[in-house]
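Subject: Structure handover and notes

Hello,

Here is the structure you will be working with. Please have it open while you read the notes that follow.

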Amino acid sequence: MSLEVGQKAPDFEAKIETGETIKLSDFKGKKVILYFYPKDNTPGCTAQACNLRDNYEALQKAGYVVLGISSDSEKSHQKFINKQELPFSLIADEDKKVHELYGTWVEKSMYGRKYMGAARTTFVIDEEGKIEEIIEKVKTKEHTAQILK
C-alpha cells in the first residue's frame, strides 16, 4: 500500500520505549513527525536522531511532536534514547505492523543480497491527521532542515 500526500495517515496502536501504548490518534490537534528508520545505534540512524534532537526546540516551536519508529525492541530504544539523550519517544514496531501500514517494510539489496528492511522515510502529519509531506530521500545530518524548509 503506498500512501500519498493529502491522505489520512493510518492510525495505529504501538508501544514506546517505556512500555506505554500510544495511538497516532492520541495526537489529533498536533502536527506529528513520524520518522521510520532502520536500526538503533547505527551511524545513519544516530546522525538522524541527533539532528532531530539538536533542533528539537525549533521543531516544538513549529508545533511538532516527534516520534521515531523502528523494528527494534523497547529495551533497545531505551538504551538509544539514554545514550543519545533524545527528548522524544521511539516506537517499538517489532511485529512490523506499523511499517506494513505505511509501506516502509521493503525489499532491500546490499552486495547483491536481497533482504527485507525498513525504508528510511518521514511522514509529516497535520493537526487533522492528514499526510502533509512524505520525505523519502532523507538527509540524516540535515533532516530538520528538510522538515522546516
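Is asparagine 41 buried, partly exposed or exposed? Asparagine 41 counts as partly exposed because its relative accessibility is 37%; buried means under 20% relative accessible area, exposed over 50%, and partly exposed in between, with a 1.4 Å probe and protein chains only. The residue is found in the loop between S3 and H1. Helices (H or I, at least four residues) and strands (E, at least two) are DSSP runs, numbered from the N terminus.

Some ground rules come before the rest. This is a predicted model, in which local features need pLDDT of at least 70 and side-chain atom pairs count only at pLDDT 80 or more, while totals for chains, interfaces and linings use all residues. Residues are numbered from 1 along each chain as its sequence is written, and side-chain values use heavy atoms, with hydrogens and water left out.

The sheet

In the open sheet, 7 strands follow the order S2-S1-S5-S4-S3-S8-S9, with mixed pairing; two strands pair if DSSP finds at least two bridges between them. Its edge strands are S2 (21-23) and S9 (131-135), each of which pairs on one side only. From one strand to the next, the twist averages 30 degrees. Axes here are lines fitted to C-alpha atoms, for helices over the stretch in contact, and angles run from 0 to 180 degrees between N-to-C directions.

S8 and S9 run antiparallel and are joined by 4 bridges. Valine 124 has glutamate 133 in S9 as its bridge partner, and phenylalanine 123 stands opposite isoleucine 134 in S9. The hairpin of S8 and S9 has 5 residues between the strands, and glycine 129 there takes a positive phi near 85 degrees.

A second hairpin

Strand S6 (residues 105-110) and strand S7 (residues 113-118) also pair in the antiparallel sense, over 6 bridges. Methionine 110 has arginine 113 in S7 as its bridge partner. The hairpin of S6 and S7 has 2 residues between the strands. Tyrosine 111, in the loop between S6 and S7, counts as exposed because its relative accessibility is 82%.

Most residues other than glycine have a negative phi. Tyrosine 111 has a positive phi of about 50 degrees although it is not a glycine. Asparagine 41 also has a positive phi, near 60 degrees. Just after H3, glutamate 85 takes a positive phi of about 55 degrees.

Helix H3

Which residues of helix H3 (residues 74-84) are buried? They are His77, Phe80, Ile81 and Gln84. These residues lie on the same side of H3 because they cover an arc of only 95 degrees around the axis; the arc is that of the directions from the helix axis to the C-beta atoms. On the other side of H3, the exposed residues are Lys75, Lys79, Asn82 and Lys83.

The cover over the buried residues of H3 includes helix H1 (43-54), strand S4 (64-70) and strand S5 (89-92), where contact means heavy atoms within 4.5 Å. H3 lies across strand S1 (13-16), S4 and S5, and runs at about 160 degrees to S5.

Helix H1 and its cysteines

H1 has 12 residues and reaches 16 Å from its first C-alpha to its last, close to the 16 Å expected at 1.5 Å a residue. The expected span is 1.5 Å times one less than the number of residues in the helix. The buried residues of H1 are Cys45, Thr46, Ala47, Gln48, Ala49, Cys50, Asn51 and Leu52. They pack against several elements, including strand S3 (31-36), helix H2 (56-61), strand S8 (121-125) and helix H5 (143-147).

How many disulfides does the structure hold? It holds 0 disulfides, a disulfide being a pair of cysteine sulfur atoms within 2.5 Å. The sulfur of cysteine 45 is 11 Å from the closest cysteine sulfur, in cysteine 50, so it is too far for a bond. Cysteine 45 counts as buried at 2% relative accessibility, and cysteine 50 is buried with a relative accessible area of 12%.

Helix H4

Leucine 101 is found in helix H4 (residues 97-102). This leucine is partly exposed, with a relative accessible area of 30%. The C-alpha atoms of leucine 101 and valine 66 are separated by 19 Å, and the two residues are 35 apart along the chain.

Regards
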